[in-house]
Amino acid sequence: MNKLAILFVTIAFLSGCASPHVVDEKKMSDKDLSCNSLVQEIAEAKRFEKEARDEKGVTGTNVVAAVFFWPAIVGTYSNANDAIEAAEERQHHLEALYKEKGC
């Protein structure tokens with residue numbers, strides 16, 4: 001029974017590791033942002049995209065996940081793709097607002 005508990009804890013830990021943050025593509029308050037704030041939000045979305053792309057590379061966590069529990073690495077890559085797509089969509093949304101406001 002103890003080994004089974006350790007296995008579940010290990011699976012939960014490896015599944016949760018190295019999961020990039022998936023940003024909201026649109027926020028209710030986006031239309032209220034100033035031009036300066038839009039620039040900052042675009043930079044933040046680009047940072048999230050870069051972090052997600054970095055998670056897809058060879059990292060210590062990814063190597064451990066691949067060796068001990070390969071489904072965790074599949075989950076990380078899938079989540080990274082979702083995070084990249086969301087960050088790109090957020091950038092496009094914010095850039096459209098930037099142009100719409102005549103910034």
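Tutor: Helices (H or I, at least four residues) and strands (E, at least two) are DSSP runs, numbered from the N terminus. By that rule the protein chain has four helices and zero strands, and its elements run α-α-α-α from the N terminus on. This is a predicted model, in which local features need pLDDT of at least 70 and side-chain atom pairs count only at pLDDT 80 or more, while totals for chains, interfaces and linings use all residues. Residues are numbered from 1 along each chain as its sequence is written, and side-chain values use heavy atoms, with hydrogens and water left out.

Student: How do you know in which helix confidence is lowest and in which it is highest?

Tutor: The guide is pLDDT, the predictor's confidence in each residue, from 0 to 100. Helix H1 (residues 2-16) has the lowest confidence, with a mean of 56, and H2 the highest, at 93. Over the protein chain the average is 78, and 62% of the residues score at least 70. Where pLDDT is low, the predicted coordinates should not be read in detail.

Student: Why is Arg-90 called buried?

Tutor: Buried means under 20% relative accessible area, exposed over 50%, and partly exposed in between (1.4 Å probe, protein chains only). Arg-90 has a relative accessible area of 3%, and therefore it is buried. The residue is placed in helix H4. Of the 103 residues of the protein chain, 28% count as buried.

Student: What makes Glu-41 and Arg-90 a salt bridge?

Tutor: A salt bridge requires a side-chain nitrogen of Lys or Arg within 4 Å of a carboxyl oxygen of Asp or Glu. Between the side chains of Glu-41 and Arg-90 the N to O distance is 3.0 Å, and the pair is a salt bridge. Glu-41 belongs to helix H2 and Arg-90 to helix H4, 49 residues apart, and the pair links distant parts of the chain. The count comes to seven salt bridges.

Student: What makes Cys-35 and Cys-103 a disulfide?

Tutor: A disulfide is a pair of cysteine sulfur atoms within 2.5 Å. The sulfur atoms of Cys-35 and Cys-103 are 1.8 Å apart, and the pair forms a disulfide. Cys-35 lies in helix H2 and Cys-103 in the segment after H4, so the bond ties together parts that are 68 residues apart in sequence. The torsion about the S-S bond is about -75°, and therefore the disulfide is left-handed.

Student: What makes up the largest nonpolar core, and how many residues has it?

Tutor: A nonpolar core is a set of buried Ala, Val, Leu, Ile, Met, Phe, Trp, Tyr and Cys residues joined through side-chain atoms within 4.5 Å. The largest one has five residues: Leu-33, Leu-38, Ile-42, Leu-94 and Leu-97. Helix H2 (35-55) and helix H4 (70-100) are the elements that give two or more residues to this core.
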